[in-house]
Amino acid sequence: MPDPRLRRVAVLVSEGAKPLDVGIPAQVFTTRASMPYEVRVCGAAPGPVTGGDGLSYHVAQGLEALEWADIVFVPGYRFPDREDPPRAVVEALLAAHHRGARLAAISTGAFALAATGLLNGRRATTHWHYTRALAAKHPSVRVDENVLFVDEGSVLTSAGAASGIDLCLHILRGDLGVAASNHAARRLVAAPYRSGGQAQYVPRSVPEQLGERFAATREWALRRLGEPLTLEVLAGHAAVSPRTFSRRFAEDTGYTPMQWVMRARVDAARELLERSQLGVEQIAAGVGLGTGANLRLHFQRILGTTPSEYRRTFARGE
């Protein structure tokens, strides 16, 4: 019996398509027992497509794949600021969107989405090297150069190739829940979650030793969410002052330490709601949120729903 949650993913390969941008959604959403997705790689027409960075592709399908898809990924491509995609591609993207498909751009794929007009009046991002070019070419788009990805509901955009992983994991979290997203992140050996609002790059880099120390502290904290985790406790583990820890942590993650801890606790609660029958009070105590009332408060503030409704959603397979 087909999985009622099966989602169909099309990856649209343009001339000059960047290999990582193509490969990331194809790998993240590749069909497997734990992932109810079917992926098709397509182009403007079936056959060979000259890619970027010395690679080429041979796609089996043309734009008809966009008529089939629930999600369409648009990888980045060379020279996006010089000319728009072929009219047939723009029209196929518009038709897919009007039919209800989500459109997700990786890196300079945002230029293709902007050419459809669907980003007009909306926030969007792209690779930092091209943010000014995107704003100049499409002034109606509210370009944000200081984020990893932007989710505007039916249209999503992300920064450079690595942030394509963040975008894909973000989509997985919304579709299948945090447990599935974390499983995929482990398979990819990727960070399970980075804030969409995290800067694309920090001009003053965190020293390597300090960055490694903070990563170790985050891993340490994730194993102790049920314990008191104050700024002083976290800074003490990293062996730096609270002030230094707070400033550098925000640069590294896009969150203050306490915001990060709260979201980690909510994520842990989400996974328990998806995978166990524990009561809300038990879950709240186990993840360090104290009471069910406190868990409900933060669930509503961060996710816009209640723990009970969240559990019902995933029990229904939505």
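In which sense do strand 6 and strand 10 pair, parallel or antiparallel, and over how many bridges? Strand 6 and strand 10 (residues 155-158) pair in the parallel sense, over three bridges; within strand 10, T157 is the bridge partner of A105. Pairing here requires at least two DSSP bridges between two strands, and strands (E, at least two residues) and helices (H or I, at least four) are DSSP runs numbered from the N terminus.

The model is predicted: local features need pLDDT of at least 70 and side-chain atom pairs count only at pLDDT 80 or more, while totals for chains, interfaces and linings use all residues. Residues are numbered from 1 along each chain as its sequence is written, and side-chain values use heavy atoms, with hydrogens and water left out.

Strand 5 (residues 71-74) and strand 6 (residues 102-105) run parallel and are joined by four bridges. I71 has R102 as its bridge partner in strand 6.

Seven aromatic pairs are counted, a pair being Phe, Tyr or Trp (six-membered) rings with centres within 6.5 Å, stacked under 30 degrees between planes, edge-to-face over 60 and tilted otherwise. Two of these pairs are tabulated.

| Pair | Centre distance | Plane angle | Class |
|---|---|---|---|
| F29 and Y37 | 4.8 Å | 65° | edge-to-face |
| F245 and F249 | 5.2 Å | 35° | tilted |

F245 and F249 are four residues apart in helix 10 (residues 242-253), about one helical turn. F245 is buried at 0% relative accessibility, where buried means under 20% relative accessible area, exposed over 50% and partly exposed in between (1.4 Å probe, protein chains only). Ring pairs link F214, F245, F249 and W260 into a cluster.
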